[in-house]
Amino acid sequence: MISVSRPLLAIVLCASSASAARADETVDTARAWGLIGTWAVGCSAPPVRGRGAIISYEVSGDGKLIYRRDHDPSDVNAVANARVESDETLVLSIVLPKARQTRENGIAKAADGSIRSVFNRGEDDSYTIRDGRFVANGKPTPALRKCD
């Protein structure tokens with residue numbers, strides 16, 4: 001039988017409860033901001049794999065916030081953290097295992113309830129979206145409306 005010291009057991013329990021608390025805070029922040037659900041430019045349009053036309057923010061069975069694109073079961077990513085900035089921008093830290101990186105996505109809400117990405121940056125400070133525009137082509141990010 002393996003003997004575990006009480007101090008070690010206490011450290012393990014604290015670490016696991018801190019992780020669970022962070023997951024709860026992330027879900028609570030996203031829920032309070034109004035993010036949980038499915039968002040799209042056109043809710044009746046069919047999903048096109050890899051296009052990101054339909055974005056879902058869901059609470060997984062184990063209580064963590066996840067980000068899914070185009071209803072694709074292979075394109076599900078964990079949201080490690082969520083915070084609201086002073087200008088009401090919601091900032092999500094999304095873990096992308098396929099790309100082997102974590103990216104921060106800033107989302108703004110318009111008066112009509114739609115949302116749009118205002119920035120998306122990697123840990124290396126590389127941007128794919130800056131000031132509400134795609135860096136690659138300068139086009140504005142689309143407004144997404146809640147589908148459910």
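**Close-up views of a predicted model**

View 1. Gly 37 counts as buried because its relative accessibility is 11%, under the 20% cut-off. The model shown here and in the other views is predicted. Gly 37 belongs to strand E1, which covers residues 37–40. Leaving out residues up to four places away in sequence, Gly 37 is in contact with Ile 55, Ser 56, Tyr 57, Lys 146 and Asp 148. From Gly 37 to Ile 55 the C-alpha distance is 8.4 Å, with a sequence separation of 18 residues.

**View 2. The largest nonpolar core.** This core consists of 18 residues, and Leu 35, Tyr 57, Leu 92, Ile 107 and Ile 115 have the most contacts inside it. At least two core residues come from each of helix H1 (6–33) and strands E2 (54–59), E3 (65–69), E4 (76–84) and E5 (90–96). E5 gives the largest share, four residues.

**View 3. Surroundings of Ile 107.** Not counting residues up to four places away in sequence, Ile 107 touches residues including Trp 33, Leu 35, Tyr 57, Leu 92 and Ile 115. Among its other contacts are Glu 88, Thr 89 and Leu 90.

**View 4. Strand E5 and its partners.** Six of the seven residues in E5 are buried. E5 runs antiparallel to E4, and six bridges join the two; here Asn 81 stands opposite Ser 93. Five residues separate E4 from E5 in a hairpin, and Glu 88 in the turn has a positive phi of about 75°. E5 also pairs with strand E6 (residues 101–109), antiparallel and over seven bridges, with Val 95 opposite Thr 102. The E5–E6 hairpin has four residues between its strands, and Arg 100 in the turn has a positive phi of about 55°.

How values were computed. Residues are numbered from 1 along each chain as its sequence is written. This is a predicted model: local features need pLDDT of at least 70, side-chain atom pairs count only at pLDDT 80 or more; totals for chains, interfaces and linings use all residues. Side-chain values use heavy atoms; hydrogens and water are left out. Buried means under 20% relative accessible area, exposed over 50%, partly exposed in between (1.4 Å probe, protein chains only). Contact means heavy atoms within 4.5 Å. A nonpolar core is a set of buried Ala, Val, Leu, Ile, Met, Phe, Trp, Tyr and Cys residues joined through side-chain atoms within 4.5 Å. Two strands pair if DSSP finds at least two bridges between them.
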